[in-house]
Amino acid sequence: MDSAGEVVNDGKITLEGFTVAARAFADKWKRHNLSFPPWSWIPLINRTMLKKEEGYLSLEKIIILSSLEGSAEEESLDVTADWSEKEESIDHTVLVQNEEDEAHYYDYHIVYSASYMVPMLYFRGYSSDGKPLSLDVIKRDLPSSSVSLLLESKWTFITQEEHPYLNRPWFKLHPCGTEEWIKLLSESSSSDGCQIPVELYLVSWFSVVGQVVGLKIPREMLI
Amino acid sequence: MAANEEAMKYVWEGAIPLQIHLHKSEVASHPAPPPALVLAPRIGYLPLLVPLIKPYFKDSLPPGEDSIWFDYKGVPLKWYIPTGVLFDLLCAESERPWNLTIHFRGYPSNVLIPCEGEDSAKWNFVNSLKEAAYIINGNCKNVMNMSQSDQEDLWTSVMNGDLDAYTRLLPKLKMGNIEDEFSRKESLSSPVSRQGGGTEIDVAGQVKTARIPVRLYVRSVSQNFENLEDVPEIDTWDEISYMNRPVEFLKEKGKCFTLRDAMESLLPEYSGDRAQTSGEEEADGSQETRGEIKLVRIQGIELKLEIPFSWVVNNLMNPEFYLHISVLVIGPQR
């Protein structure tokens, strides 16, 4: 680790730190969050020379079942996962629901922003025929508490932007002042007010950000 | 006129002659309309040209609502990239006029983010400006603290290519200084006051590191070429690597951080220094040859890599304070 600068500093994280934190996050998720498939680390191919690996975390094909009655309640957000290993077409036969429920699929990517030195959550939703879901439809799948948060407060926005690596439009969650609330998290969680250790950085980050999109993490991950 | 002002004038006056053709599937008149000839500012954006172009074609369009987009040889153009950058990147050998196709229907929303004309272009500009501010100053307060009307005026000056108006507004933006010992005058942004954070100061009060907003577009071809006209045409954006990553550099006394140094920090796999190579032999005894940077283009100029990077930044950056660099490389051979 570079002595001239810490890997986690002031709520922000370096690129190297992100790579370490991502692995730790994925490991803990795999061990403690068994109702979900694991996150995959997607290396950026052209950057893996010189042993300086860069990449992002990917969690795909998460099924959110939306009933026609209304938006999903936070507690009972019915999230299941399509464990299919294949990247291409969605296996329709995995779904067992009544005809009225429409299944929405979600992909989530945790990507490092070199400009802001914090992680960013990109996501997209699509129906079983692969057709992208609009933001209005997606909002109906979010926990109702998130929707009011998004509409009323200014601390977080969802915008449609191009995925930094995939040349496709995705949605990006912008929590304002990420580095500030990460600092708050670290101050409140440790006795001497030290920085969050790098292995827990993404866990802490996701404990807040994930909730906006209805993904909760079990407490065991925070240890 | 200070060197810096002269360079800014050059950058702002740069323009690409475009020849815009209506896509044949949308020609509803006979005979088909001739192409529109438009001079596009390098620092501008394609959606801003639509009011100039549309009159040429409006009588030829099929009925319905417009959703406008452009393509170059079938590749949909990303409207939020400055026009000059698109040209430098997609035309290995400069094509003048640059032949583009305009569409009023069938927006490829699976590959392009939506565009609502000038509003989208403005939103994109302001966001890029905020990001650049964060990189340079360590926060975006300078942009957030600008009054709504000043922000509007700043955008309008860019939209109209009005350098005088832009220059008058810059002090209100209070963007931190990017030190440049090679300009006779300081850059036109705010004089001495740094708004904090972005540049670290060591004990002796010397500036240690600076972060520079850079957007790098790397086009990789697999085979070497003698002439630019031999470079194959581009088929999709997947052939281009986009890196939105600040260049960080240490200001060391007596040492000059060059464009080459900046390129090596962004693209270490194309570094020319053989001694640094991972140089490992593959299991079968073959060795990877490094890729090679063939061309570095900024504002349409092919730059020598020995040029001091701070000069490049201060003189060739875009109005949102980003330096856009188009690079053509030969990919590493195995």
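Me: Which side chains meet in a salt bridge at 2.7 Å, N to O?

Reply: Good place to start! A salt bridge pairs a side-chain nitrogen of Lys or Arg with a carboxyl oxygen of Asp or Glu. In this predicted model, Arg245(B) pairs with Glu54(A) in that way. The count of salt bridges between chain B and chain A is 2.

Me: Which elements give two or more residues to the side of chain B that touches chain A?

Reply: Look for α4 (118-137) and β9 (240-244) of chain B. The largest share comes from α4(B), with 5 residues.

Me: How many residues are in contact between the two chains, and how is the buried area read?

Reply: Buried area is what two parts lose in accessible area on being put together, summed over both. Here, 34 residues of chain B are in contact with 21 of chain A, and about 2,400 Å² is buried between the chains. Carbon and sulfur atoms give 48% of that area. On chain B's side, Tyr134(B), Arg245(B) and Glu269(B) supply 23% of what the chain buries against chain A, more than any other three residues.

Me: What does UniProt list for residues 118-174 of chain B?

Reply: An unreviewed UniProt entry lists "domain: Autophagy protein ATG5 alpha-helical bundle region" there. In the model, this span is 82% helix and 0% strand, and its end C-alpha atoms lie 25 Å apart.

Me: Is Cys91(B) buried or exposed?

Reply: Buried means under 20% relative accessible area. Cys91(B) counts as buried because its value is 2%, whereas Cys115(B), at 21%, is partly exposed.

Conventions:
Residues are numbered from 1 along each chain as its sequence is written. Chains are lettered from A and ligands numbered from 1 in the order in which they are written. This is a predicted model: local features need pLDDT of at least 70, side-chain atom pairs count only at pLDDT 80 or more; totals for chains, interfaces and linings use all residues. Side-chain values use heavy atoms; hydrogens and water are left out. UniProt positions are given in the numbering used here, feature names are shortened, and annotations may be inferred rather than shown by experiment. Helices (H or I, at least four residues) and strands (E, at least two) are DSSP runs, numbered from the N terminus. Buried means under 20% relative accessible area, exposed over 50%, partly exposed in between (1.4 Å probe, protein chains only). Contact means heavy atoms within 4.5 Å. Buried area is the accessible area (1.4 Å probe) that two parts lose on being put together, summed over both. A salt bridge is a side-chain nitrogen of Lys or Arg within 4 Å of a carboxyl oxygen of Asp or Glu.
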